[in-house]
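Hi,

Here is the structure for you to look over. My notes on the helix packing follow below it.

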Amino acid sequence: MSTLILIIVAFFIALSCGRIYIPPTEIVHALFSPHSNPATANIIYNIRLPRIIAAVLIGAGLAMSGCAFQSVFHNLLVSPDILGVSYGAAVGAASAILLGLGIWFTQLFAFICGIIAVSATLLIARIIHQRGTLIIVLAGIVVSGFMQALIGLLKYIADPDSQLQSIVYWQLGSLAKVDISSIIAVFPMLAIGAVILIFFRWHLTILSLGDQNAQTIGINVAFERLLIIGASTLLTAATVCLSGNIGWVGLVIPHISRLLVGDNTRRTLPIAGLVGALFLLIVDTLARSLSAGEIPLSILTGFIGAPLFIYILIKKKVRLN
């Protein structure tokens with residue numbers, strides 16, 4: 001409940017803040033009577049409101065997918081970034097941009113390449129024939145490095161006058177180009193992925209305890225793991241389509257949620273969505289308010305997320321082997 005209240009407060013602060021400050025009284029008038037001040041209504045409805053909605057959806061999607069990945073892989077150090085999913089999805093989106101395809105094909109390419117990336121990570125871990133907390137992380141680093149090399153190649157062959165800017169936009173993470181139509185286009189992917197994770201959150205805690213325990217109570221481990229990985233990848237691909245790569249959210253926010261409500265994924269997953277939405281809403285507001293030019297979101301999430309994660313590692317003493 002307190003998180004929802006904070007999101008509402010951050011929502012109105014985000015509507016006020018920016019290069020042009022809008023007093024709260026004008027915001028209320030513009031929301032309920034847009035014709036009274038068309039200039040203010042235009043800023044709110046066409047610029048700030050779409051960004052706020054996108055920040056909430058993306059923050060929630062990344063946090064929920066990170067929480068699901070950590071549970072299904074029994075590994076508190078994995079995230080969409082570390083598994084290579086985010087970079088794989090970015091490769092798919094960049095490929096669609098180079099081919100001149102629309103938003104629907106961009107989503108499809110991002111999802112397919114995200115699935116390929118996480119599959120490659122799991123395949124490397126299986127080929128090495130080792131189980132442990134670090135092996136998936138190391139395999140994910142390898143896949144992420146390869147995907148970043150592919151992004152570099154795509155940037156090299158892209159048209160510098162048109163395509164290169166869009167690819168750099170995906171790589172750094174920004175909500176500057178988001179509008180209502182793009183949100184509507186990716187919302188079905190976000191909704192499907194979130195609904196699947198919310199529905200199966202009851203089993204995620206059991207899956208995190210190991211396959212044998214899950215099979216004992218009748219859970220189809222292979223099917224549910226595949227479904228959860230697919231839903232989490234779908235969420236990540238949808239967020240990449242809207243904003244590009246935004247790091248640290250899927251890694252840090254699930255840990256913060258566990259500090260708040262414990263390790264039961266039934267409660268952690270929805271709380272992670274709310275905390276992720278609040279976190280990215282605050283970060284995006286800072287990104288467009290701290291300077292005359294807009295700061296890429298990945299820069300701010302890195303500055304905030306890295307110290308937070310170090311603190312969490314110290315506080316929780318997360319085992320690395």
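Helices here are DSSP runs of H or I with at least four residues, numbered from the N terminus.

First, the basis. This is a predicted model, where local features need pLDDT of at least 70, side-chain atom pairs count only at pLDDT 80 or more, and totals for chains, interfaces and linings use all residues. Residues are numbered from 1 along each chain as its sequence is written, and side-chain values use heavy atoms, with hydrogens and water left out.

Helix 5 covers residues 103–128 and helix 11 covers residues 221–243. Their axes come within 8 Å and cross at roughly 130°. Axes are lines fitted to C-alpha atoms over the stretch in contact, and angles run from 0 to 180 degrees between N-to-C directions. The angle makes helix 5 oblique to helix 11 (under 35 degrees is roughly parallel, over 145 roughly antiparallel, 65 to 115 roughly perpendicular, the rest oblique).

Which residues of helix 5 and helix 11 make the contact? Helix 5 brings Thr 106, Gln 107, Ala 110, Phe 111, Gly 114, Ile 115, Val 118 and Leu 122. Helix 11 brings Ile 229, Gly 230, Thr 233, Leu 234, Ala 237 and Cys 241. Contact means heavy atoms within 4.5 Å. By class, that is 9 nonpolar, 5 polar and no charged residues (Ala, Val, Leu, Ile, Met, Phe, Trp, Tyr, Cys and Pro are nonpolar; Asp, Glu, Lys and Arg are charged; the others, Gly among them, are polar).

**Helix 4 against helix 11**

Helix 4 (residues 85–98) packs on helix 11 at about 50°, with the axes 9 Å apart. That makes helix 4 oblique to helix 11. The crossing is right-handed. Val 85, Ser 86, Ala 89 and Ala 90 of helix 4 meet Thr 233, Thr 236, Ala 237 and Val 240 of helix 11.

**Helix 8**

Helix 5 and helix 8 pack at about 30°, axes 10 Å apart. Helix 5 passes helix 8 in a right-handed crossing. Ile 103, Trp 104, Gln 107 and Phe 111 of helix 5 meet Ala 185, Val 186 and Met 189 of helix 8. That contact has 6 nonpolar, 1 polar and no charged residues.

Ser 182 is in helix 8, residues 180–199. Ser 182 counts as buried because its relative accessibility is 16% (buried is under 20%, exposed over 50%, partly exposed in between, with a 1.4 Å probe and protein chains only). A polar atom of its side chain lies 2.7 Å from the backbone oxygen of Asp 179.

Best wishes

Technical notes. Helices (H or I, at least four residues) and strands (E, at least two) are DSSP runs, numbered from the N terminus. A polar contact is a pair of N or O atoms within 3.5 Å; within protein, one must be able to donate a hydrogen and the other to accept it, and residues adjacent in sequence count only if both atoms are side-chain atoms. A crossing is left-handed if the near helix is turned anticlockwise from the far one by less than a right angle, and right-handed if clockwise.
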